[in-house]
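Please keep the sequence and the model in view while reading.

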Amino acid sequence: ININKNYLFTGIHMQQATSLIGQFLIAMPGMDDERFKKSVVLITSFSDEGAKGLIINKPTEILTYKEIIEKNSDDFNFKELDFKKNIDVFYGGPVDFEKVVVLHSNDYSMPETNKILNTDCSITGSKKILPLLVESKFPIKSKLIIGCSEWESGQLESEIKSSDWLIWSSDNSIIFEENSELIWLKVISNMGINIGSLSNQRGFA
């Protein structure tokens, strides 16, 4: 299989490439780390100091939406909220489990909202957005995420060079795909890669 530069950067190319912010990291089938197996990660920051991202395709039962609301009940009256609406909680990565953010479409914004470069979505970490997930029509698309993924300086470049990850352009239709089990396969398909050719390799043959 020929390595397309859009799929994979070497460590040298990484320094010359456009920022990875807003790109997908797609775990290779042979990813050794179970926490990232078949993960699709949206890169939210990238610099010489390191990188951060959110896994977008791993629902979790570590905390429920109601439990998250109850933990922040000093900020609003959670008893008035309608918990009949199912709000999934996603595992964003193994770092900072106390941190809760909402990844959402750009139709909503508050002072604490940060738009993600090279995407059509934003991150809001303010507790004020939590009730809106059941109360409001906005944001139209959202994912409630606990934890995040982080890499130290040079770490992600090394993992990409070792073919642990593929790189592809992000898309809101993938980010907010309701069937999370399809996300990894959809990205692989969009890349035009035959999943059978990847087998359980960490990299390309």
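This is a predicted model: local features need pLDDT of at least 70, side-chain atom pairs count only at pLDDT 80 or more; totals for chains, interfaces and linings use all residues.

Two strands are said to pair if DSSP finds at least two bridges between them. With that criterion in mind, consider F90, which stands opposite I145 in β8.

Strand β5 (residues 95-105) is joined to β8 by 6 bridges, and the two run antiparallel. Within β8, I146 is the bridge partner of V100. An antiparallel pairing also links β8 with strand β3 (residues 50-55), here over 4 bridges; K52 stands opposite E150 of β8.

How enclosed is strand β8 by the rest of the structure? Of the 11 residues that make up β8 (residues 142-152), 8 are buried, so the strand is largely enclosed by the rest of the structure. As a general point, side chains in a regular strand alternate between the two faces of the sheet.

Attention now turns to the loop residue. S170 is located in the loop between β9 (165-169) and α5 (172-175). Is S170 buried or exposed? Buried means under 20% relative accessible area; S170 has a relative accessibility of 17% and therefore counts as buried. Its side chain reaches the backbone oxygen of G22 at 2.6 Å. Leaving aside residues up to four places away in sequence, S170 touches G22, Q23, F24, L42, N118, T119 and I175.

Terms used
Residues are numbered from 1 along each chain as its sequence is written. Side-chain values use heavy atoms; hydrogens and water are left out. Buried means under 20% relative accessible area, exposed over 50%, partly exposed in between (1.4 Å probe, protein chains only). A polar contact is a pair of N or O atoms within 3.5 Å; within protein, one must be able to donate a hydrogen and the other to accept it, and residues adjacent in sequence count only if both atoms are side-chain atoms. Contact means heavy atoms within 4.5 Å.
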